[in-house]
Amino acid sequence: MRCAVGCGHLTGRVDSGYGIDGVRGDVAHPTNRGLACSRGVEETQDPDGEWLTRPHVRRGGELRRTTWDVALSRVVDEFRDALDRDRDGLAVLGSGQQTNEAAYALGKLARGGFGTRHYDANTTLCMASAVTAYNEAFGSDAPPPTYDDIGDAATHVVWGANPAVAHPVLFRWIAESAGEDGSRLIVVDPVETKTAKAGDRHVAPDPGTDLALARAVLARAIERGDVDEAFVEAATTGFEALRESLPEPESAAATAGVSPATVDALADALRDPTLVYWGMGVNQSAQGTDTAGALIDLCLATGNMGPGSGPFSLTGQANSMGTRVCSSKGSWPGMRSFGDPAERRTIAEAWGVPVERLPDDSGPGPVGICEAIDGGPVEAVWAVATNPAAGLPDASAARERLRETFLVVQDAFHTDTTELADVVLPAATWGESEGTAMNMERRISRVRAASDLAPAVRTDLDIITAIGEAIAPGLFPATEPAAVFDEFAALTAGTDADCSGVSYDRLREERAVRWPAPSAKSAGGYRYYDDGEWSFRTPSGRARFSTGTHGEVPEPTDESYPLTLTTGREPDGYNTGIRSRDEGADPAVVARVNPDTIADLNGGHALGDEAAVEPGETARLSSRRGSIAVRVATDTAVPAEMVWLPIHRAATNDLTLPATDPRSNEPNYKQCAVALAPATGETAAEEPHRSKPTADD
């Protein structure tokens with residue numbers, strides 16, 4: 001698995017040594033049935049990046065090779081010291097790249113062993129706004145639809161996502177369904193993405209106005225009588241409050257920078273069975289929760305709920321859904337409510353820890369955790385399978401803060417964050433680990449090791465439980481993957497995310513099972529709907545409408561910073577690019593800019609003039625947080641007055657804004673104010689050279 005689509009792959013072992021020989025899609029896997037994308041195959045078989053093969057500790061300012069005993073002893077001593085001073089003094093950052101078993105163990109140790117509130121499983125950087133909106137609307141997390149519904153939808157609205165690049169196998173299903181007679185694909189995105197080029201209609205709102213556009217469409221649908229009154233009356237609450245909060249459609253359309261006819265076309269499309277997909281373009285916003293809620297409202301009001309329709313958030317990392325269900329980040333395992341005292345007692349009893357050790361809240365998210373280093377309680381950070389030195393907004397400030405901590409990095413590859421580490425722990429990656437993972441439609445798949453481990457490499461689960469046993473003895477009565485999964489699954493019994501009917505034996509036979517699965521024969525389908533009856537997890541049993549209204553972006557453009565920066569995925573790119581960038585790839589950071597923008601910036605200056613921004617040449621891109629050299633590429637797919645940068649380049653986040661959604665804590669990665677100017681004599685920024693992780697090699 002390489003992204004959250006959750007494709008099953010068959011892998012071959014090399015004849016000798018360590019590694020994988022050949023990868024192909026698994027025709028027997030119920031998710032992809034043999035389909036595979038180039039990224040999934042290539043990164044599984046031969047990922048790029050510099051592999052970590054030995055533990056290291058920093059001595060005399062340099063990382064030096066050491067033994068596991070020495071490395072773990074240093075980690076345990078430093079962690080104990082930090083916890084003795086303040087249990088919130090130790091921060092833990094997990095990832096959607098871990099197995100369910102490792103994610104569960106890390107959350108159990110962070111919450112039940114350390115007791116820290118400064119813990120995140122990386123979901124706050126991508127899915128927290130969708131999670132919050134689902135909980136507010138349905139009383140439970142995760143999308144109602146599944147992949148089975150894609151073929152039955154007549155309209156596919158992809159909003160702030162680019163699955164043609166990010167999720168190629170999923171996009172194939174969407175495109176096939178949209179290509180049928182009477183069906184259509186509508187893409188809402190300021191940029192004409194690869195997905196938009198393949199669509200029947202591209203709607204390009206102004207940056208940061210998605211909520212205004214969604215409200216305009218809903219207001220128009222209500223005005224024209226397109227509300228499913230029977231569904232609204234029988235299964236929802238709060239519709240009148242929503243109606244009263246809506247703007248005039250024409251006014252909201254103007255705010256979004258689209259025509260009333262465009263709003264009409266979107267409202268028309270919702271008359272047919274519609275799936276509304278969204279991604280980081282919606283979630284990674286200071287109004288991400290409100291916007292995700294507005295997309296859910298569109299489905300609720302127009303009756304686009306039930307098989308073949310509904311709101312469907314698209315998840316990024318391979319096991320992002322697993323971290324939501326397993327990791328004790330925003331909810332306890334099984335999506336038990338973090339704020340419910342009874343659920344806290346259940347978890348404490350199951351883990352054999354005092355209930356008062358569990359933190360009172362789920363914590364501030366990665367941005368807040370990083371800020372808590374400045375004069376706050378955080379003095380030690382443990383980063384597991386994540387690269388915060390490159391991935392956090394305002395990354396240069398994040399790096400400075402991380403340098404001030406005792407930093408432990410557990411990863412399979414040398415990263416921007418291992419450059420700063422005090423201890424580096426080499427961990428296994430996909431193809432070397434045993435366990436399970438969950439895809440974005442709630443399906444649990446078995447993950448098997450196709451290669452032996454190198455002698456000095458250990459699995460995430462092994463490392464986590466070793467540290468846990470040293471600091472919280474007895475917390476992990478079981479440390480083998482199957483036993484840890486059984487412990488987790490038993491803890492979900494009776495919850496909204498019931499996995500208690502899933503076992504390794506069952507997964508061996510069926511390959512993948514969708515939750516809720518409370519028995520060995522059951523598997524989940526469309527959520528909240530059974531034989532024509534609706535039952536939501538809210539106190540009233542009804543879905544709840546939201547009333548969010550459009551607000552300004554956190555950092556508007558001005559005379560000094562007249563352009564808007566947005567970020568997105570490159571084809572075959574993965575996260576911060578550590579494992580997906582070929583050694584022969586262009587190392588320059590390329591900024592895509594509309595030719596009209598360049599003409600406006602140059603004013604009366606002709607190309608060749610020192611004061612002109614030259615296509616193909618180096619320019620300086622600046623925000624209020626930093627400045628980087630970029631190579632300028634003209635692209636009419638990017639609207640005027642906007643600059644597009646890839647998320648996979650570390651330099652990108654030197655510019656981005658650390659503002660967050662007030663309810664989800666998710667950062668506003670997608671809009672900030674920038675300036676582009678000539679950079680005479682400079683070369684474009686390149687990926688930072690990562691020195692060998694040891695002075696002894």
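**Aromatic pairs and charges over rings**

Q: How many aromatic pairs turn up in the whole structure?
A: A search of this predicted model finds 24 aromatic pairs.

Q: What's the geometry of Y147 and W173?
A: They form a tilted pair, with 5.1 Å centre to centre and 50° between the planes.

Q: And which parts does that pair tie together?
A: Y147 is in the loop between helix 4 (128-138) and strand 7 (155-159), while W173 is in helix 6 (residues 168-178), so the pair links parts 26 residues apart in sequence.

Q: Is Y147 buried or exposed?
A: Y147 is buried, at 8% relative accessible area. W173 counts as buried too, with 17% relative accessibility.

Q: OK, on to Y529 and W534. Why is that pair called tilted?
A: The planes of Y529 and W534 are at 55°, so the pair is tilted; stacked would need under 30 degrees and edge-to-face over 60. Their ring centres are 4.7 Å apart.

Q: How accessible is Y529?
A: Y529 has 31% relative accessibility, so Y529 counts as partly exposed.

Q: Which residues do ring pairs link into a cluster?
A: Y134, F138, F231, W278, Y526, Y528, Y529, W534 and F536. So Y529 and W534, the tilted pair, are among the cluster members.

Q: Switching to charges: what lies over the face of W515?
A: That's R442, at 5.6 Å from the ring centre.

Q: And where does R592 lie?
A: R592 is over the face of W644, 4.3 Å from the ring centre.

Notes. Residues numbered from 1 in each chain as written. Predicted model: local features only at pLDDT ≥ 70, side-chain atom pairs only at ≥ 80, totals over all residues. Heavy atoms only, no water. Phe/Tyr/Trp six-rings, centres within 6.5 Å; stacked < 30°, edge-to-face > 60°. Helix = DSSP H or I, 4+ residues; strand = E, 2+ residues; numbered from the N terminus. Buried < 20%, exposed > 50% of the residue type's maximum accessible area, 1.4 Å probe, protein only. Lys NZ or Arg CZ within 6 Å of the ring centre and 35° of its normal.
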